Amino acid sequence: MPALIFYAGMRQNCPMGKGGYAVRQGKVFEPNMQPVFAPEQPEQAKLEFLPGGTGVYVDKNHRFGADALALAGFCRLHRNERACDLGSGCGIIPLCWHDVGHVGKAVGLELSTAGNALLERAAAGLGHIYAVQGDMRLLGRPDCPEKLRQALPGAEFDLVSCNPPYFTGGFVSQKPGRAPARHAITCSLEDVCRAAAFLLREGGRFCLCNRPERLADTIVVAGRERLVAKRLQLVRSSPTGEVRLFLLDCRKGGKSGLEFLADLILPPGEPVPLMPR
């Protein structure tokens, strides 16, 4: 089966994502249409289409870019596997999986009620993607709300993914929604790995991406939760360019042994392949 292609644009030319993307743009919701957000967070939501025709709702605070698209493809999710995306934002990763034929249970967990509403609307009628609003840090804890506990029971999933906040210091944006997406304010790497370990069945996989300077920390922190690094792919903008991102696949309770994949070269404006498995 041929790859479906997502196009990654240059960041400065593509305001709809951290790394940029290009998809077919749809309509803007009008005031007389059904609202996407709660009244206290009024926003205009745009409907974008992935190459397979799957709709994705985005707004100025909940967007997606090349990093999320690369991660979705890197996961290599089987058609019927159960999967959960942590910090799902507008739900781009579960929707990418659906776009290439995934039909198993997929959950997008998002702290923001606005982001959760975007995925909820996009998933309506798909039948296997569920938008869950909640805090990943509460999973497995005694004070976890009953609704969240029922939606995300432990040892339930074959795969967990996360495109986490990359930065732990430096300038923090004051724009609503941007700071939590870029900086580890509402969750840390430890929180992400702990939540993934709780959700995964034994032998399940945890896939994430992050900045290259965080690779050593990621492998160590994941290992503390029995998430053993098994596949690693580096992402560059050119064959001789600096590494700008890594993609890591860990297995819960896995044996030691790390496979290095060929580098993924993603020049600005070039397609991001998402291969079905």
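Here is a friendly conversation about a predicted protein model, in questions and answers.

Trainee: What kind of model is this, and how are its residues numbered?
Mentor: This is a predicted model, where local features need pLDDT of at least 70, side-chain atom pairs count only at pLDDT 80 or more, and totals for chains, interfaces and linings use all residues. Side-chain values use heavy atoms, with hydrogens and water left out, and residues are numbered from 1 along each chain as its sequence is written.

Trainee: How many helices and strands does the protein chain have?
Mentor: Helices (H or I, at least four residues) and strands (E, at least two) are DSSP runs, numbered from the N terminus. Counted that way, the protein chain has seven helices and 14 strands.

Trainee: What percentage of the residues in the protein chain is buried?
Mentor: Buried means under 20% relative accessible area, exposed means over 50%, and partly exposed lies in between (1.4 Å probe, protein chains only). Of the 277 residues in the protein chain, the buried share is 49%.

Trainee: Among contacts between residues at least 6 apart in sequence, what percentage joins residues at least 24 apart?
Mentor: Contact means heavy atoms within 4.5 Å. For the protein chain, the share of these contacts that joins residues at least 24 apart is 68%.

Trainee: Are helices α1 and α2 parallel or oblique to each other?
Mentor: Axes are lines fitted to C-alpha atoms, for helices over the stretch in contact, and angles run from 0 to 180 degrees between N-to-C directions. Helix α1 (residues 66-74) and helix α2 (residues 92-99) have axes 9 Å apart and pack at an angle of about 50°. Under 35 degrees counts as roughly parallel, over 145 as roughly antiparallel, 65 to 115 as roughly perpendicular, and the rest as oblique. The two helices, α1 and α2, are therefore oblique.

Trainee: Which residues of α2 meet α1, and how many of the contact residues are nonpolar?
Mentor: From α1 come A68, L69, L71 and A72, and they meet I92, I93, C96 and W97 in α2. Ala, Val, Leu, Ile, Met, Phe, Trp, Tyr, Cys and Pro count as nonpolar, Asp, Glu, Lys and Arg as charged, and the others, Gly among them, as polar. In this contact of α1 with α2 no residue is polar and none is charged, while the nonpolar ones number eight.

Trainee: How many of the nine residues in α1 are buried?
Mentor: The buried residues of α1 include D67, G73 and F74. Helix α1 is mostly covered, and its buried residues number nine of nine.

Trainee: Which residue just after α1 takes a positive phi?
Mentor: Look just past the end of α1 for a phi of about 50°. The residue with that positive value is R76.

Trainee: Which strands does β8 run parallel to?
Mentor: Two strands pair if DSSP finds at least two bridges between them. Strand β8 (residues 157-162) has six of its six residues buried. Four bridges join β8 to strand β5 (residues 83-86), with A83 partnered by L159.
Mentor: Strand β3 (residues 46-49) and strand β4 (residues 55-58) pair in the antiparallel sense over four bridges. F49 stands opposite G55 in β4. In the turn, G53 has a positive phi of about 100°, and the residues between the two strands number five.

Trainee: Which residues of β4 point the other way from G55 and Y57?
Mentor: In a regular strand the side chains alternate between the two faces of the sheet. In β4, G55 and Y57 point one way, and all four residues named for this strand are buried. Pointing the other way are V56 and V58.

Trainee: Where is A155, and what is its phi?
Mentor: A155 sits in the loop between α4 (146-151) and β8. Its relative accessible area is 48%, so A155 is partly exposed. Although A155 is not a glycine, its phi is positive, at about 55°.

Trainee: What is the C-alpha to C-alpha distance between L261 and Q233?
Mentor: L261 lies in the loop between β12 (259-260) and β13 (264-265). Leaving aside neighbours within four places in sequence, L261 is in contact with F74, R231, L232 and Q233. L261 and Q233 are 28 residues apart in sequence, and their C-alpha distance is 5.1 Å.
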